[in-house]
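Here is a short report on a ligand site and the sheet beside it in the text. Read it with the structure open.

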Amino acid sequence: MGEDQGPLRAPVGTKDVLWPESVRWEALVAEFARRAERAGFGLALTPMFEDARLFHRGIGDESEVVGKEMYEFTDRSGRTMALRPEGTAPLVRAYVQHRPAVPWKAWYVTPAFRYERPQAGRYRQHHQLGVEVLGTDDPDLDVEVIALASGFYAGLGLRRVELAVNSMGCGSCRPAYVAALRSYLDEHHDELCDEHRKRYDVNPLRVLDCKRPECRAVTEAAPLITDFLDEPCRAHLDRVRAGLDALGVEHHLEPRLVRGLDYYTRTTFEFTAVALDTAQNAIGGGGRYDGLAEAIGGPPTPGVGFGIGIERLLLACDAEGCFDVVPAAPDAFVVDLTGGECARDLVAELRDAGLMALRAYDDRSLKAQLKLADRSGAAYAVIVGPDERAAGTVTVRSMHGDGDQQTVARGDVVAHLASAVRGRAGGGS
Ligand code: HAM
């Protein structure tokens with residue numbers, strides 16, 4: 001056994017999400033599913049761990065996500081596995097393996113694991129909502145995907161979200177841009193941050209993503225990819241931007257936007273929450289990855305998608321004071337002073353009838369049970385004392401408003417409450 005390291009706690013950089021905080025998670029995922037399914041996306045579930053080669057080949061060893069942050073381990077049979085650091089490569093792997101009909105539109109909700117330095121909005125296990133579409137390079141699909149994310153944010157009530165869009169070009173036009181950027185960085189190499197001074201030449205694009213002021217100052221005047229796009233990439237970008245304009249999705253062109261994963265081609269985009277601290281303000285991002293399927297051994301298949309960080313998104317909602325989801329209150333709370341059998345049976349009947357019903361346990365006093373009923377926020381208390389039991393009745397007390405009480409036959413109470421609850425939902429008091 002290992003050494004005693006003190007009390008067991010959730011690992012550094014992870015957090016437990018318990019009720020009632022989890023109510024927002026539930027509502028968020030349900031809202032995302034509704035929107036994604038309306039746009040023809042179906043849920044896809046893939047394993048939490050994969051053969052590590054998937055991420056090495058698909059995302060690239062030069063990316064921080066794979067090169068520095070991936071949770072990689074050898075399993076008991078000696079295979080090198082990795083906990084998924086993101087959702088795109090696994091879905092492309094699933095596409096290549098199963099070859100569903102295209103365009104294949106899948107949505108997902110998944111934990112993602114990155115060994116990062118934990119801080120507010122940055123975790124070692126975070127959660128993403130995302131979509132991926134495989135099998136077409138139609139720019140209208142880029143528009144559809146971006147609009148889906150944008151509509152989702154707006155639907156939560158977020159108002160201060162900015163969308164940056166760029167193109168990473170393709171295998172034909174990007175090399176000339178990378179060469180131009182490399183020679184520009186050669187001239188300024190002494191001014192770069194420590195890390196990039198040593199390794200800017202491996203992938204000069206990474207310097208554009210560096211947040212340190214030294215690199216920022218250098219990249220200010222660096223060549224821009226948008227000046228190097230070939231005709232098809234330029235036309236693709238124009239069509240995407242025109243589509244966003246047509247749908248009223250506000251955005252700006254950000255020619256220095258290179259995302260942290262190396263599979264992107266053409267469209268890339270990132271949503272930032274203005275209300276969050278700039279270090280962790282990306283609440284979602286994505287783009288096209290037309291070479292990814294081939295890079296992992298599949299047929300050439302274009303693809304586009306995005307991932308949205310749930311934790312950061314909720315932080316942004318807090319910062320803007322929106323999407324405050326209140327847990328549902330029970331329809332009925334059964335107060336039983338006759339030993340608990342009636343409560344046991346009645347909550348089961350009420351739940352079977354589709355109502356939310358709670359009760360107290362451990363034979364508590366009337367006062368204690370009524371307090372619990374009150375605290376639960378229940379619309380009605382159903383009280384069963386010895387007299388009611390003997391008479392085959394219950395007392396139904398309205399907990400909101402006037403505290404109105406009625407005696408109802410035990411056999412009629414489920415129908416009575418179902419109709420009372422329907423009446424309340426219909427606007428009654
Ligand atoms: P990503 O930008 O690496 O893209 O992650 C997507 C989102 O996940 C980020 O915008 C952020 O909200 C959240 N996120 C990332 N890392 C962390 C972290 N350590 N803690 C908290 N939240 C985090 C991808 O993962 C791509 N797979 C997106 C994509 C889908 N591209 C095409 N399809």
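Glu 86 places a polar side-chain atom 2.6 Å from a nitrogen atom of the ligand. The table lists this polar contact (a pair of N or O atoms within 3.5 Å) with two others.

| Residue | Ligand atom | Distance |
|---|---|---|
| Glu 86 | nitrogen | 2.6 Å |
| Thr 88 | nitrogen | 2.8 Å |
| Glu 116 | nitrogen | 2.5 Å |

Taken alone, the ligand exposes 660 Å², and the protein buries 96% of that (Shrake-Rupley areas, 1.4 Å probe). Strand 6, strand 10 and strand 11 each give two or more residues to the shell around the ligand. The largest share, 6 residues, comes from strand 10. Strands are DSSP runs of E, at least two residues, and helices are runs of H or I, at least four; both are numbered from the N terminus.

The model is predicted: local features need pLDDT of at least 70 and side-chain atom pairs 80 or more, while totals for chains, interfaces and linings use all residues. Residues are numbered from 1 along each chain as its sequence is written, and side-chain values use heavy atoms, without hydrogens and water.

Strand 6 (residues 125–134) and strand 11 (residues 303–309) run antiparallel, joined by 7 bridges. Gly 130 stands opposite Gly 307 in strand 11.

Technical notes:
Two strands pair if DSSP finds at least two bridges between them. A polar contact is a pair of N or O atoms within 3.5 Å; within protein, one must be able to donate a hydrogen and the other to accept it, and residues adjacent in sequence count only if both atoms are side-chain atoms.
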